Amino acid sequence: MKLGITLKLFFAILAASAVAAAAMAVATRLSFQSGFFGYLSHVESQSLEAFATRLADEYRRSGDWSFLQGDYGRLRTLAASPQPVQRLALLDADRRTVVGNPDLGGEAAVRPVVVEDRVVGWIARSPYRRISTAADLAFQQEQLRSAWLIAGFALALAALVAVVLARVFLQPLKRVADATHRLAAGDYGTRVAIGSRDELGRLAGDFNRLAEALERNEELRRRFMADVSHELRTPIAVLRAGLEALEDGVRPLTREALAPLQGEVAALGKLVEDVYQLALADVGALAYRKERSDVAEVLEQAIESFAGRFRERKLSVEKHFAPDLHVLADADRLGQAFRNLLENSARYTDAGGRVRISARRDGERVAIDFEDSSPGVPADALLRLFERFYRVEGSRSRANGGAGLGLAIVRSVVEAHGGTIEAGASPLGGLRVTISLP
């Protein structure tokens, strides 16, 4: 049986708590034993001082130690000690044994017996090596029993805390897991409530941002499919109507009758090519052969290719190029982006207007501005200008042609070169598009 993460976390916390409780019980036992022996030795040291005082009084009355010679029972009586073992020894002034154990060793506690400022003897007591009395043993057992009870209680409390912590910590993860299942099933509106600012809270926030991105991409995909089908439907409908008119004899088969059909085929071919270019850019398959290129030269070639269009529209063209505008770029792709921007100006700028193209150095980058005269673009449309199939209604409407993919291709090319692109209002009254290339 596979254990879930809840049980794994529970057992992990419980095991850690059990080890800590066992270590605490062992440490308490060892500490108690060493500390209790030390405590008993300290108490006996104090009692030894009082015993030495009593022996001094007895010596003062007897004048020597003959009253205790060989009488260990009386010595224990004077010491008020119930212990049967010989842990006491009385020594004379020259440290010869009078009564008691003669082999106490060097670790024995020794106190002088002083009478009238003269040492008349020594009382010695060996230190505790083990607990011997029934009372001491009972006290030790009681303390050890209490230590194990406390350890058991701590372990039970740890188990309860482990259950609570496992639920508290894993509840947000379960919410994220459930939301992930719904997201995988296609419910892109799924969101997770953020209840903290820790790692779990940041995980929930990252999930919400992922869900928002997927929802936005799904919306863009659906809108893209709808826009592509719409853009394809129009030229196909025109072609079908024109061909049916020719077939039914409504219109004669002349060069003039074929011209609009060829125009629709050309528009259809450009739409398919633009969609193909964007698809290649999306999958990273759009080839770029970057080399040292002169931006001014690429701009000159693009402007020259639109000279006829500008004359037809009576648009005046201004050029301002700074020297030494070399960048590492694919000149053909860059030229394609520039031509799309010039196509945008030629198509939407009012006849008799102005188009201004300038390029300059901006630190370690090259900035290129495309500006035209009226009509302008509403401020709320500037941020969406580079979206696929987005076209500003009104002055820059469908009536002027175009599928709304040109600026999206421009953005793709610029970003592939590590550059940025932004749109704003032009001082000439129309649109300004600024490209910045490294």
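Guide: Let's start with Asp324, which is partly exposed at 48% relative accessibility; on this scale buried means under 20% relative accessible area, exposed over 50%, and partly exposed in between, using a 1.4 Å probe and protein chains only. Before going on, this is a predicted model, so to speak of a local feature here takes pLDDT of at least 70, side-chain atom pairs count only at pLDDT 80 or more, and totals for chains, interfaces and linings use all residues. Numbering runs from 1 along each chain as its sequence is written, and side-chain values use heavy atoms, with hydrogens and water left out.

Back to Asp324: its phi is positive, about 55 degrees, although it is not a glycine. Most residues other than glycine have a negative phi, and most peptide bonds are trans. Asp324 sits in the loop between β6 (316-321) and β7 (326-329); strands are DSSP runs of E, at least two residues, helices are runs of H or I, at least four, and both are numbered from the N terminus.

There's a second case of this kind at Arg95, with a positive phi of about 65 degrees although it is not a glycine. Arg95 is in the loop between β1 (88-92) and β2 (97-100), and it is partly exposed, with 47% relative accessible area.

The largest nonpolar core has 39 residues, and Val295, Leu299, Phe338, Leu342, Ile368, Phe370 and Ile435 touch the most other members. Such a core is a set of buried Ala, Val, Leu, Ile, Met, Phe, Trp, Tyr and Cys residues joined through side-chain atoms within 4.5 Å. Take Leu299: apart from neighbours within four places in sequence, it is in contact (heavy atoms within 4.5 Å) with Phe321, Phe338, Ile357, Ala359, Ile368 and Phe370.

Phe370 also turns up around a void, lining the largest cavity together with Leu341, Asn344, Ser345, Asp372, Leu407, Leu431 and Val433. α8 (331-348), β9 and β11 (429-437) each give two or more residues to that lining, and α8 gives the most, with three. A cavity is a set of points on a 1 Å grid over the protein atoms alone where a 1.4 Å probe fits but cannot get out, and lining residues have an atom within 4 Å of a point. The volume of the largest is about 50 Å³, and the structure holds two of 30 Å³ or more; points are joined across faces, edges and corners, and the volume is the space filled by probe spheres set on them.

One of the lining residues, Leu407, takes us to helix α10 (residues 406-416), where it is buried along with Ala408, Ile409, Val410, Ser412, Val413 and Val414. Just after α10, Gly418 has a positive phi of about 75 degrees.

Terms used: 1 Å grid on protein atoms, 1.4 Å probe; cavity = no way out; pocket = protein on both sides within 12 Å on 5 of 7 lines; lining within 4 Å.
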